Amino acid sequence: MKHENVQDYYGKVLQGSDDLQTNACCSPAEMPQYVKDVLRNVHDEVLTRYYGCGLVMPEGLEGARVLDLGCGAGRDVYALAQLVGPKGEVVGVDMTAEQLAVARDHQDWHAERFGYANVDFREGFIEKLDQLGLEPGSFDVIVSNCVVNLATDKQAVLNGAYHLLKPGGEMYFADVYADRRVPKAMAEDEVLYGECLSGALYWNDFLSFARRAGFDDPRLVTHRPLTIENPVLEERVAPLSFTSATYRLFKLDGLETACEDYGQAVIYKGTLPHAPHQFVLDDHHVIEAGKVFPVCGNTWKMLAETRLAEHFTFIGDFSTHYGIFEGCGGESPFERDLAQGAAPCC
């Protein structure tokens, strides 16, 4: 699939979210009240040119420098601009001139409404982030909402994101994944590609690409089976099935290939805005405020060596290793073979 096909689909064919033929680009999760509040401060024309729903963003954004990949008409950029505040900055990147024109037309309107100006828009391809004049190692967070699947070179997107993140920064994004590699004929279907289906990565290829880029321990935050709800398009993608998932990828040195136990623990202080009772790192780390929570070495680093550190108390260090972290770090191949009664191979 060529860039021109996607540009045409999102710049000319689609004029609003009602023009989408599936719900693949839409997250049905209920928006928190504070998200609804910031969206009320976004211009109506920007809102109507948004192709999806939901808002993909991590906690702890105040004062952060954020990059939005595939920003379109700027809805998420202007929402995030309020969450990072006047000391932060949000940069949106998109390849569709028609969409960016809408975003830029309302920059002054939003600056007046917010009381500060902290957004910028760049036209270009997310596969070529190094050509957009963005400083390497300058972003705290990179977000994307159902856009990476539209990229013609997913590995280049992840490589570019890693290059632009600060040490300890993270890429937090939602996208669509397939249960197997998409056949070439399906990948060349312009409608299926534009609807965020036939450009989807096989989930295991995504994990390989992420690690190859430097994101050594991808963390799954949420996921749901994708219901296309369009009988004609369902038939065209059969027998593949798709999943909508949110991942967070941290740029951290020293992450290990498995969850290793060093006897460490953390206590969440309950100080992140909009998360007074618990902090959700991923789908199996829901950390209740005030309670000692044992963690593996990788999770420790994701909390201690990132912008999240100030919101936690840390117990322990890396001086003693206790083996695999029970319950999430994997299993010993020796114990597995014994449990299955496997015979030795030689």
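Helices (H or I, at least four residues) and strands (E, at least two) are DSSP runs, numbered from the N terminus. Select Cys 196, in the loop between α9 (190-194) and β6 (201-202). Cys 196 is not a glycine, yet its phi is positive, about 70°. Cys 196 is also buried, at 0% relative accessible area (buried means under 20%, exposed over 50%, partly exposed in between, with a 1.4 Å probe and protein chains only).

A note on the model before moving on: it is predicted, so local features need pLDDT of at least 70 and side-chain atom pairs count only at pLDDT 80 or more, while totals for chains, interfaces and linings use all residues. Residues are numbered from 1 along each chain as its sequence is written, and side-chain values use heavy atoms, with hydrogens and water left out.

His 274 has a positive phi of about 70° and is not a glycine; with a relative accessible area of 46%, His 274 is partly exposed.

Now pick Pro 239, in the loop between α11 (231-237) and β8. Look at the peptide bond that joins Ala 238 to Pro 239: it is cis, with omega near 5°.

Then colour helix α4 (residues 75-84), where 10 of 10 residues are buried. Among them are Arg 75, Asp 76 and Gln 82.

How many disulfides does a search of the whole structure find? The count is zero, a disulfide being a pair of cysteine sulfur atoms within 2.5 Å. Cys 296 is in no disulfide, and its nearest cysteine sulfur, that of Cys 259, is 3.8 Å away. Cys 296 is buried at 1% relative accessible area, and Cys 259 is buried at 9%.

Move to Tyr 162 in helix α7 (residues 154-164). Beyond its neighbours within four places in sequence, Tyr 162 is in contact (heavy atoms within 4.5 Å) with Ala 213, Gly 214, Phe 215, Lys 251 and Asp 253. Pro 136 lies 26 residues from Tyr 162 in sequence and 9.0 Å away, C-alpha to C-alpha.

For the last stop, select Leu 207, Arg 211, Asp 217, Pro 218 and Arg 219, which lie nearest the centre of the second largest pocket among its 24 lining residues. At least two lining residues come from each of α10 (203-213), β7 (219-225) and β8 (242-250).

Key. On a 1 Å grid over the protein atoms alone, a cavity is a set of points where a 1.4 Å probe fits but cannot get out, and a pocket is an open set with protein on both sides within 12 Å along at least five of seven lines; lining residues have an atom within 4 Å of a point.
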